[in-house]
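Thanks for coming, everyone. Let me put the structure up, and then we can walk through it.

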Amino acid sequence: MAKTLSELRVLIDSVDQELLTALNRRAALANEVGELKRHDGSPVFRPEREAQVIHGLQSANQGPLKDSSLALIWREIMSACRALEAPQRVAYLGPKGTYSEEAALRFFGSSIQHVPCTNFDEVFHAATSGAAEFGVIPVENSTEGVVTRSLDLLLNSPLHIVGEISLLVRHHLLRTQASLEGIEVVLAHPQALAQCQHWLTTHLPHAERRAVSSNAEGARLAAGNPAWAGIASERAGAEFGLHIAAQAIQDEAFNRTRFVMVCLPAVMPAPEASGKDCTSLVVSVPNRPGAVHDMLVPLKQHGVSMTRFESRPARSGQWEYFFYIDLQGHPSEPHVAAALQDLRGICAFYKVLGTYPLAD
Ligand SMILES: C=C(O[C@@H]1C=C(C(=O)O)C=C[C@H]1O)C(=O)O
């Protein structure tokens, strides 16, 4: 005979007690790991180990919980366990409610110390000076392409990339009332204005588009003026008590932004191989015919696949470029190491930006 609601709730309560005991056993073990790490000075955060934990559970998962739910649940469990060792201080483009903050929470879990910054330069500065241990910066968007300032900052920074995450970015038009009437100014980060330009031209052709330091900052300002609207996330709207005047106004439905996590190598060395890794480099070659082709030959020869290739002006005035390359694999794999060695030999400039587990 089927169980009654109260019988089912009694069973759920007893499973929760088992979970509580198991979670606290796990937390106590993580605490012991923390003791060991403090002793030998090794880093608290090991993203490759966390990736392995999640992949291991997903391959053992028989349902009904979805693999994506497991990843979210264990991200939080590991974040809370890590916070017992030492909570990570994470810098990102603030204020509260930005997509950068969401990327930080998705990557590190919510047991972190927030270090909100006013621009990307400040994020780099915070992570370099020690005000934060990690920085989170957007590097590319599926509608607008590269975030140029982030790439330029990575070039000369002592920080290296230790992780990545990709977020589905849905922009909403937020204001003090739920209608489009009487909007004179739309405030947002230039990237968001660009990602919504078709919608803005169609629906608010006469509104001024005003660039501000972040989308959440635009939402904050819109809360103080009924003729202003911001373009930001639902979370930013909730943060500043705004209504959604128009939902999902980004021109591409599947608008995604990829964020990377950066830190000083002294805070955390390059993650070890997780089995699904990415290595990011920036290189330049002499400005002569065939140079770019030659640069790609070692990758082909050693069977390394390239997942990203971007160029940025070298600012020499000579039409020279830096190339930002993402490769699949980890330098501890012999074919990747061989390709990198050959590549290094033919490049005028060569810098590994980081090697890290691929986002799911
Ligand atoms: C417990 C550890 O430290 C951190 C927490 C982890 C966890 O809770 O599973 C995993 C890796 C580290 O980021 C560890 O290194 O094993």
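A word on the source. This is a predicted model: local features need pLDDT of at least 70, side-chain atom pairs count only at pLDDT 80 or more, and totals for chains, interfaces and linings use all residues. Residues are numbered from 1 along each chain as its sequence is written.

First, the overall layout. The protein chain has 12 helices and 15 strands. Those are DSSP runs, numbered from the N terminus: helices are H or I with at least four residues, strands are E with at least two. Along the principal axes, the C-alpha atoms fill a box of roughly 75 × 60 × 45 Å. How does the radius of gyration compare with that of a compact globule? For 360 residues, such a globule would be near 21 Å, and the protein chain has 23 Å, which agrees. That radius is taken over C-alpha atoms, and the globule rule is 2.2 Å times the number of residues to the power 0.38.

Next, burial. Of the 360 residues in the protein chain, 36% are buried. Buried means 20 or more other C-beta atoms within 10 Å of the residue's own; exposed means 12 or fewer; partly exposed is in between; C-beta atoms are placed from the backbone.

Contacts, now. Two residues are in contact if their C-beta atoms, placed from the backbone, lie within 7 Å. Take the contacts with a separation of 6 or more: 75% of them join residues 24 or more positions apart.

On to domains. The bounds come from an automatic or database domain assignment. Domain 1 is 24-33 + 46-86, and domain 2 is 91-168 + 256-263. Domain 3 covers 172-246, and domain 4 covers 277-357. The centres of domain 3 and domain 4, over C-alpha atoms, are 40 Å apart.

Now the inside. A nonpolar core here is a set of buried Ala, Val, Leu, Ile, Met, Phe, Trp, Tyr and Cys residues joined through C-beta atoms within 7 Å. The largest one has 39 residues. Which members touch the most others? They are Val90, Ala91, Val123, Ala127 and Val262. Several elements give two or more residues to this core, including strand S1 (89-93), helix H5 (120-129), strand S11 (256-263) and strand S15 (349-357). Helix H4 (99-108) is also on that list. H4 gives the largest share, six residues.

Look at Ala127 up close. Leaving out residues up to four places away in sequence, Ala127 touches Ala91, Ala132, Phe134, Gly135, Leu159, Val262, Cys263 and Leu264. There is also a second, separate core of 24 residues, with Ala188, Ala216, Trp228 and Leu242 among them.

Now the ligand. Around it sit Ala30, Val33, Phe45, Arg46, Arg49, Glu50, Val53, Met78, Cys81, Arg82 and Glu85. A residue counts as near if its C-beta atom, placed from the backbone, lies within 6 Å. Helix H1 (5-40), helix H2 (47-60) and helix H3 (67-85) each supply at least two residues of this shell. H3 gives the largest share, four residues. By class, the shell has six nonpolar, no polar and five charged residues. For those classes, Ala, Val, Leu, Ile, Met, Phe, Trp, Tyr, Cys and Pro are nonpolar; Asp, Glu, Lys and Arg are charged; the others, Gly among them, are polar.

Gly163 is in strand S5. Is Gly163 buried or exposed? Buried, with 26 other C-beta atoms within 10 Å. Beyond four places in sequence, Gly163 touches Pro47, Phe107, Val260, Met261, Tyr356 and Pro357.

Ser142 lies in the loop between S3 and strand S4 (145-146). Ser142 is partly exposed, with 16 other C-beta atoms within 10 Å. Its contacts, not counting residues up to four places away in sequence, are Glu252, Phe254, Asn255 and Arg256.

Last, the backbone. The peptide bond from Gly63 to Pro64 is cis, with omega near 5°. Pro64 sits in the loop between H2 and H3. The bond from Gly94 to Pro95 is cis too, with omega near 0°. Pro95 is in the loop between S1 and H4. Finally, Ala248 has a phi near 45°, a positive value in a residue other than glycine. Ala248 lies in the loop between strand S10 (243-246) and S11.
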